[in-house]
Amino acid sequence: MDKQKIVVIGAGMASGRVLEHLTDAAPDRFQITLFNAEPRGNYNRIMLSPVLAGDKTYEDIVTHDDAWYADRGIATRFGEKVLRIDREARVVHGENGAVPYDRLIMGTGSNPFIIPLPGHDLEGVIAYRDLEDTQRMMAMGAGKRVVVIGGGLLGLEAAAGMAARGAQVTVVHIMGHLMERQLDEAAGYLLKKSLESKGIEVRLQANSKEIVGKDGHVAALRLEDGTDLPCDLLVMAVGIRPNVALAQQAGLAVGRGIHVDDQMRSSDADIFAVGECVEHQGAVFGLVAPLYDQAKVLAATLLGEDAAFVQKSLSTKLKVTGCDLFSAGDFADAEGREDIVFRDPARGIYKRLVIEGDRLIGAVMYGDTADGNWFFGLIKDATPIEEMRETLIFGPAHQGGASADPLSAVAALPPEAEICGCNGICKGTITDAIGAGATDLDAIRATTKASASCGTCTGLVEQLLQVTLGDEFVMPVAKPVCACTDHTHEDVRRLIKTMPLKSQEAVWQELGWKTRNGCHVCRPAINFYLLADWPLEYRDDPQSRFINERKHANIQKDGTFSVVPRMWGGLTNPTELRAIADAAEKYNVPTVKVTGGQRIDLLGVRGEDLPAIWADLNRAGLVSGHAYSKGLRTVKTCVGTDHCRFGTQDSTGLGVRLEKLLWGSWTPHKVKLGVSGCPRNCAEATCKDVGIVCVDSGYQIGVGGAAGMDLRETERLLDVATEAEAIEVTTAFIQLYRENAKYLDRPYKWIAKVGLDWVRERIEDKAERRRLIDAFELSQSIYRKDPWAEHAATRAADYAPLADLTLEAAE
Amino acid sequence: MSWIDIGAIDDIPLRGARKLRTHLGCVAVFRTDRDEVFATGGTCPHRGGPLAEGIVHGRAVTCPLHNWVFDLETGQARGEDASIPTYPVRVERGRILIDATLLRRAAA
């Protein structure tokens, strides 16, 4: 069988790789002819920068020498341009004669883009593309001035190479930061700083206007703002364009590059293209990794194997001594993405990881890129990183299954390493504070401000405490809200206030919830925190409430409900009692009971009947008693001065006024009040969340009582002289509780955590008391209303079954 | 299968449920945050809690009585050896259709 005739046009890195694959796999199957316009074979073009910098010689970077081609039986036509392709006759016409082909490979590469500025054709204006350009630049040494247009990868390598040879180099870049396609602003800033320290001048956001010449040779670059930058050589490194001239002339489908399919086949079934000259699914290619992938695919195709080229994410490294830089993947800001940033200002290190879901999708590093390839691997393989998220940024050294130890990572940080990004606090400041006696998180927050703002670094600070103090520091056992998160209730409350977070979605996203939308444990808590802190911005979400609060009635064990209308301060009248009696009969309420909170409970109401019974009760002026809510329940009173011979103040009236002020408010747990008219305490005020005992001189306000699973007597918060002040203090206390307590902590539990003194200080502070009262009133402008009336009027249908299939006619 | 229109998807709140009265007893019809609709038995096998009144989170519901959590797709209770029946249901042009053959056959 005759050998298949393959002609290759262009001896570049991609086509060279194809030849390697073909001749390795089937040494005798093909008769290959290689054309190259440059008078040499394939060399490693991306190593031109080290050649320019003097780190390597041309000989070092030759990939295929004459012997290699001879060995593999490849006929070389170097220094010979291809004139045209005759597709019909399947012949390539070169300057020195024609060569027939069965299969043709276009590896024509790219041309550097030359900005058509006036003067671009002057002597001394070059691109940075091939060995000739490199040699021109190598001639620039001490006393020579060079301008490089283009602050991308190639331009900076050119600039650094010439600067290393002693030339005075200016980089002119049109964008706001260097290498904007590969770097973010922070890394771009560090790169600029580092280049400047090498004596390279960097001009950003600089528009070139014209190239000024003298005697046919470049003399200066003139910028839009009129500045002239004198130079002996001007290098344009602003990008490349696929070289498609020959393909176009041959009538192949061409866009920006030569159109190819996944097998690298052009619009002519016998002609293939590979490398920088191709366009695949709208993309053109300049970095070497995808070119090698293409070469592999093309070789396989020619060998009759199945292969398809797939575009992958790319990584970039800058080959400039002293500028250690790495970027990979996608690191643009976008919704749903999260950053992990590490900065060490003293060592000029910046690392940023971009995470989407539980995958790393981008990485930018400056100053220390040792872990770059490891990160790139995580990006390419879409490895789930949830498990190592905490220590991810410290690299592979700190990973490794069970041995992943965030403590040693923290211990290894230099003193200048920034721990608290919000307040710019570095490790040394914190360890100094620990040395000076700050031995717990609160003390660190108070003395250094570290972890006092967004709190994201709390874990790091605690680890620092542990590393520094050893066994003396007992890591607080922070109990997360639930399995959906690692945050504690306290963290979540603080972050909702400070970040700030004003919606459930914001909480799930910003605090890294592990579930889609929480669970029955966390969602009611988050719903409360949001509505308590952002009463105007956040709307209460009934779907995040337990059944009792969603249906405004207490569910009983048989699925029926209990209905308790409000009786202000325990007062009622014949109209109300008649309405209650009528409702009990009308809805067949099996049990009617007097409650401990001085009102009447209708037990055993069917869920479907709730809106109707509410509407009936509403008509008599009765509203929801909120016997079902984490909110104000009752204000129990005694009869006070109106009737009692011992009464010292109008305890009933105060109770009614308090209840009318506070009703409808949501609180972390239920809140019960009591007002007794004298120390005989008939209203049992001293076991309520807030209990007021009237005395001759005024009002004794106690807080933190309970008579449930725990039995607690109130502790005295304040004694005040007037009823108005008693109401103010009560309101301020409830708002303080609303703002600070953990969901489902009764006031006594909360007070035990923060201390009664702290509570008292806040309430005694007149400005703070005013703020608390105003904040409560703002919230009440939304929530002081009867949910029964609202539901009966607008949502009655929700209480009925969606459909009743028992009524469907039998078929 | 015989599909019966039982209402509009918007009749069920997002992350909520409604109950459906059938010859088999109460069926709960759920709507998740992503507008997925599921139908399951409406009664918790533990103490008979009304599942249509539970908090819907992800593709799960928590019984309002004692916080048993059921997977809406499979009916399996999490961490318990118990399950609730599930019924085929689909949404077409905003209407919820339930496969009524199961319900009827059991009733016959």
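The conversation below goes through how several features of this predicted model get their labels.

User: Before we start, what should I keep in mind about numbering and cut-offs?

Analyst: Residues are numbered from 1 along each chain as its sequence is written, and chains are lettered from A in the order in which they are written. As the model is predicted, local features need pLDDT of at least 70 and side-chain atom pairs count only at pLDDT 80 or more, while totals for chains, interfaces and linings use all residues, and side-chain values use heavy atoms, without hydrogens and water.

User: Happy with that. Why are H1(A) and H8(A) called oblique to each other?

Analyst: Helix H1 (residues 13-25) and helix H8 (residues 288-302) of chain A pack at about 40°, with axes 8 Å apart. Angles under 35 degrees count as roughly parallel, over 145 as roughly antiparallel, 65 to 115 as roughly perpendicular and the rest as oblique. The pair is therefore oblique. The crossing of H1(A) and H8(A) is also right-handed, meaning that the near helix is turned clockwise from the far one by less than a right angle.

User: Which residues make that contact, and how do they divide by class?

Analyst: Contact means heavy atoms within 4.5 Å. Among the residues that meet it are A:Met13, A:Val18 and A:Leu22 of H1(A), and A:Leu291, A:Tyr292 and A:Leu302 of H8(A). The contact has eleven nonpolar, one polar and two charged residues. Here Ala, Val, Leu, Ile, Met, Phe, Trp, Tyr, Cys and Pro count as nonpolar, Asp, Glu, Lys and Arg as charged, and the others, Gly among them, as polar.

User: And what makes H23(A) and H24(A) roughly perpendicular?

Analyst: The axes of helix H23 (residues 756-764) and helix H24 (residues 766-783) of chain A come within 5 Å and cross at roughly 85°. That angle puts the two helices in the roughly perpendicular class, therefore the label. Their contact includes A:Arg762 and A:Glu764 of H23(A) and A:Lys766 and A:Leu772 of H24(A). By class, the contact holds two nonpolar, no polar and six charged residues.

User: What makes a set of residues a nonpolar core?

Analyst: Such a core is a set of buried Ala, Val, Leu, Ile, Met, Phe, Trp, Tyr and Cys residues joined through side-chain atoms within 4.5 Å. In the largest one, with 49 residues, A:Ile9, A:Val18, A:Leu104 and A:Met106 touch the most other members. H8(A) gives the most to this core, with six residues. A second, separate core of 42 residues includes A:Met137 and A:Cys323.

User: Which residues does a cis peptide bond join?

Analyst: A:Met499 and A:Pro500, with omega about -25°. A:Pro500 lies in the loop between helix H14 (489-498) and helix H15 (504-510) of chain A.

Definitions and conventions. Axes are lines fitted to C-alpha atoms, for helices over the stretch in contact, and angles run from 0 to 180 degrees between N-to-C directions. Helices (H or I, at least four residues) and strands (E, at least two) are DSSP runs, numbered from the N terminus. Buried means under 20% relative accessible area, exposed over 50%, partly exposed in between (1.4 Å probe, protein chains only).
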